[in-house]
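I wanted to know which charged side chains pair up, and where.

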Amino acid sequence: MKTKKDFWRTMIGAYLLIFLGILILFIVDEDNPFEIYLLLGAIVIEVSSIVVILRALKIYRSLEDKSIYPKQLDFLNRLAIKLYSDKKTSNKVISIALIFGALIGVLIGFNL
């Protein structure tokens, strides 16, 4: 049985992967001979962070007590229960987030 601590550990790992991918994108220079490899590495890191987020979602669904935030942030607990407890609803939320993220990434990539 997974615990809230496992959930938060997994989420922190996902955020670290996301920030590592963004950091690689900011560090890469246009004149770098390894630019394409670093960009491909950033893509692999970002995709792996999505996999880790899905693993955290699976842990969240297995929790008996779904209140993962402190009592002062109870509105976040209610929102999380509403959005992520049901598999169909959470798949819609994650799909919409991925589409918006990809759209933002493409717009930034083309400097629009």
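I took a salt bridge to be a side-chain nitrogen of Lys or Arg within 4 Å of a carboxyl oxygen of Asp or Glu. The model is predicted.

Entry 1. I began with Arg78. Its salt-bridge partner is Asp74, with the closest N and O atoms 3.0 Å apart. I placed both residues in helix H3, 4 residues apart, about one turn of the helix. Then I checked accessibility. Arg78 counts as exposed at 51% relative accessibility, because the cut-off for exposed is over 50%. Asp74 is partly exposed at 34%.

Entry 2. How many salt bridges does a search of the whole structure find? I got 3.

Entry 3. I looked at helix H1 next. Arg9 and Asp6 form a salt bridge there, and their closest N and O atoms are 3.6 Å apart. Asp6 has 21% relative accessibility.

Entry 4. I turned to Asp65 and Lys4. Their side chains meet in a salt bridge, at 2.8 Å from N to O. This pair links distant parts of the chain, 61 residues apart. I found Asp65 in the loop between helix H2 (35–62) and helix H3 (74–84). Lys4 belongs to helix H1, residues 4–27.

Conventions. Residues numbered from 1 in each chain as written. Predicted model: local features only at pLDDT ≥ 70, side-chain atom pairs only at ≥ 80, totals over all residues. Heavy atoms only, no water. Helix = DSSP H or I, 4+ residues; strand = E, 2+ residues; numbered from the N terminus. Buried < 20%, exposed > 50% of the residue type's maximum accessible area, 1.4 Å probe, protein only.
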